[in-house]
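Subject: Structure handover

Hello,

Here is the structure I said I would pass on. My notes on what was found in it follow below.

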Amino acid sequence: MGLYVLNTAKTHVLPMYVAASAAQFLSPFWLAKGLQLATRSFFVLFMSSLGVHALRNRVAPLVPPVTRQQQQQQQDASDAQPQDASAAAEGAPYAVVTGASSGIGRAIAADLARQGWNVVLIGRNRDALREHARALKREARAAGRRLQAHVVEADLAVDATPDAVYEQVRALCAEGTQPEILVNSAGVAWDCEFADLPEERLQDMLMINCVATTRLTQLFARDMKERKASGRIMIVSSITAAMPNPKVAVYAATKSYLTSLAQALSVELEPHGVGVTCLMPGATYTAFQARSNAAGARVFKHPRLCMTPEEVARQGVEGMLRGDSLIVTGWMNKLMVNVFEPLLPRKIGMLLVQAFW
Ligand SMILES: NC(=O)c1ccc[n+]([C@@H]2O[C@H](COP(=O)([O-])OP(=O)(O)OC[C@H]3O[C@@H](n4cnc5c(N)ncnc54)[C@H](OP(=O)(O)O)[C@@H]3O)[C@@H](O)[C@H]2O)c1
């Protein structure tokens, strides 16, 4: 809310006010009166928009299964028949995470598993997924809980994969434990000029970042909406969505698509109890740089500009459970998305982006 006010004030109110005051000073009487009226109406509109923003329908916070069990145990305490915590964890709802074999998706899956969700880990690297599932189960056992962690090996660059993955997930989750959370973290990029972009890289970016994420989101959103129970969908975008980015033009464009999709869906699905969160990380230390030919990008060489996947996951999961529709991680990235992008002319913004890339 604070950022929204600051953003709107800086972007619209202040420049409008300065322009209107200057125009009033310079104009003839009748025009000055008209401008005064327009300025006042604008302020009334601005104040009402703040009101609408504050009253906007937001989903209720999603309570982690571990906390739900603790609350249930406290309620049952008077029955002198304490519940077995590990047995209760068996029936916990699922969180489905794509890109769970590495980086941000892997860290998000770990965060959700620690909070009591059973997990379905999706990716191509079966060994990495299995190793992660085993480690999460070990960690849960050490904490006295039981965890279901399934692995689905899938190539999301293939057209039919999202539907097949959805069917596999449905088969894995027992009745009553259907996925409560979907996290779309799988994503790829390729750093080079557009004319030199290999066709298969272009195809992968469009298929994995856009097509697969959209289809998976649709399949799970339908179920969540039908169940009328609270649910969450996270779409991992990027701060590159905020500004066209030469050298990673297609990647940035796919992330703009995802940001637009997530924000529209959050408004559509919130009345049905389903929160949609767009997570916009900035530079994050993962395998992504090397995999996307971007290891030389200047932004990854500045420790102050880079975050760890664990920190990105922590901020993302916290905001998603709270019901936030947009999360920009890190204050430098917030500055970029909320201040530079709206204030700077596009060409200057792109020069800034290029300076960091
Ligand atoms: N790292 C950054 O600086 C940064 C910044 C902003 C946004 N992001 C976004 O964050 C998300 C996660 O990236 P990351 O940094 O965690 O990168 P990462 O470590 O390279 O992880 C990418 C994940 O996507 C999966 N993936 C790639 N191609 C796939 C395919 N064809 N089918 C199924 N899964 C596939 C990978 O699984 P396999 O290895 O098993 O194929 C891997 O788990 C991406 O959407 C990325 O755009 C990253």
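This is a predicted model: local features need pLDDT of at least 70, side-chain atom pairs count only at pLDDT 80 or more; totals for chains, interfaces and linings use all residues.

Overall fold: the protein has 357 residues, of which 36% count as buried. Taking the contacts with a separation of 6 or more, 71% are between residues 24 or more positions apart.

Ligand shell: the ligand is surrounded by 28 residues, and Gly99, Gly103, Gly123, Asn125 and Gly187 are the closest. By class, the shell holds 13 nonpolar, 12 polar and three charged residues. Two helices, H5 (103–114) and H10 (288–291), each supply at least two residues of this shell. The most comes from H5, which gives three residues.

Packing of H5: this helix also packs against H6 (residues 126–142), at an angle of about 25° and with the axes 10 Å apart. Because angles under 35 degrees count as roughly parallel, H5 is roughly parallel to H6. The crossing of the two helices is right-handed. On the H5 side the contact is made by Arg106, Ala109, Ala110 and Ala113, and on the H6 side by His132, Leu136 and Ala140. Five of these contact residues are nonpolar, one is polar and one is charged.

Regards

Conventions: Residues are numbered from 1 along each chain as its sequence is written. A residue is near a molecule or strand if its C-beta atom, placed from the backbone, lies within 6 Å of it. Helices (H or I, at least four residues) and strands (E, at least two) are DSSP runs, numbered from the N terminus. Ala, Val, Leu, Ile, Met, Phe, Trp, Tyr, Cys and Pro count as nonpolar, Asp, Glu, Lys and Arg as charged, and the others, Gly among them, as polar. Axes are lines fitted to C-alpha atoms, for helices over the stretch in contact, and angles run from 0 to 180 degrees between N-to-C directions. Angles under 35 degrees count as roughly parallel, over 145 as roughly antiparallel, 65 to 115 as roughly perpendicular and the rest as oblique. A crossing is left-handed if the near helix is turned anticlockwise from the far one by less than a right angle, and right-handed if clockwise. Two residues are in contact if their C-beta atoms, placed from the backbone, lie within 7 Å. A residue is buried if 20 or more other C-beta atoms lie within 10 Å of its own, exposed if 12 or fewer, and partly exposed in between; C-beta atoms are placed from the backbone.
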